[in-house]
Amino acid sequence: MAEFLLVADQVSPVVDGELPVCAAALALALSVSKHRLTILSSATPAQASRLPGMARRLRTITTRVGGADQEFSLYEGRSAVSQCALYVLGAHSDNRGRRSTLLASAATSLVRDQICWPDAVVGWGETSALALACAPSAHAALVVPDGRWDQPLSSDERAELDPDNPAVAVSNGVLVALGAIEADAVILPCPSAAEAFLRATELNCRASDQPVTSMRFGCDELPHDPAADPALAATFSPESLSGKQECRKALVRRASLAVGPRTLLLATGPLDPARGGREILEALSRLGHADVAVVFPAGGDRALVDQANVLAIRSPGKMTVFPELGLEAERQILAAADAVLLADASDLTGRPASLALRYGALPLAPDSGASGDYLVDCDVASQTGCGLLYAPADPWGGVGAIQRAAALRANVELWQPLLGSLMRAAPRWSATAASLEAVCLTPRAA
């Protein structure tokens, strides 16, 4: 059993959001693998004190920020998500340099006081960069969870960093570069992100032989479990798929759609310009008379949702904007859908496609980024594959993918076996944790 220290300034339940949930899910998977795990995060003192089960330690954290020594409270308890030891520094700032310095001071204090003695320090996100050096004897890994990094620090942000740290000057104010210098390995969410990292000129300051690897993140954290989700009309699993049909019927009734037994019920990704919302609408406007019913999510860009409503008015019973917002509604749509149309050609996490697989919905996605890396195009002859890929930025490519999906849905002999294989293809956090163990617990080369 090894001991891990996970440093993340955004982790659930301290902060809500997709990446904070992923950080907590990874922590849970590592702890389930019998490793001891400590999580370090930060929040405002008011926010930290409101977290259930958290208590303020009598001993404060002293750090030098802005040219002066300052003391901050440290709260301790257990994470409600992962049940791991959770420490939250009662300090937060919009200044990225300050946040990184604060997290590093807190991590150093945990190690110095022997609250944890990690075999591996895992930094989740760029602000964990300085904390990677808190335990020199431990293996350090930097995770770039969304596959992207921010612009260099401003002069005010750089002023918060330790000027005596040689890595600060070499990194030219790029926090991910600073983290790469401090880390033994860098982890990105897909091969495309790893390739972009290796090509980035602003990251040339790292060691040329430093391992840079990709790991597919899981998607099976709660509440994303169709076998036990109380928000669904019925539960289902790869071994018992009848509940998916019940979910389909329930959504069709609520959305007032005209759906036959072989109609493809198609959900779409968010109608957000940054995530391919315009491309989704353009493809669906060219769909014609295919046996397809479409459910648009209610959230997203207001102008694009208005366009979706116009399409729905023109195609009564065939297209609708789902009337409800929220995470429960998103899961209900996924559980009912036969397929999900995605159009974000720059997605580097693969999470939208992974969640579709988790609920037995066939992802239709651009052949680029994480989708191009991880999805295998369905082949009818060999009965293999877990998605339908199309050329990025090509609305007719999206139309072709929908038509292929409709043909698959119309063939019951092909469709039923495909559902179970889609759900089994969804990535799991246990596999992510195993990959991280292999990176962090491999002895260093002499």
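Analyst: Contact means heavy atoms within 4.5 Å, and helices (H or I, at least four residues) and strands (E, at least two) are DSSP runs numbered from the N terminus. This is a predicted model, in which local features need pLDDT of at least 70, side-chain atom pairs count only at pLDDT 80 or more, and totals for chains, interfaces and linings use all residues. Residues are numbered from 1 along each chain as its sequence is written, and side-chain values use heavy atoms, without hydrogens and water.

User: Against which elements do the buried residues of α16 pack?

Analyst: In α16 (residues 429-440), the residues Trp429, Thr432, Ala433, Leu436, Glu437 and Cys440 are buried, that is, under 20% relative accessible area with a 1.4 Å probe and protein chains only (exposed is over 50%, partly exposed in between). They cover an arc of only 140° around the axis and therefore lie on the same side of α16; the arc is that of the directions from the helix axis to the C-beta atoms. The buried residues of α16 pack against β1 (3-7), α1 (18-32), β8 (120-124), β9 (139-143) and β10 (185-188).

User: Is Ser100 buried or exposed?

Analyst: Ser100 is found in helix α3 (residues 96-112). Beyond its neighbours within four places in sequence, Ser100 is in contact with Thr127, Ala129, Leu130 and Leu175. Because its relative accessibility is 0%, Ser100 counts as buried.

Technical notes. The expected span of a helix is 1.5 Å times one less than its number of residues.
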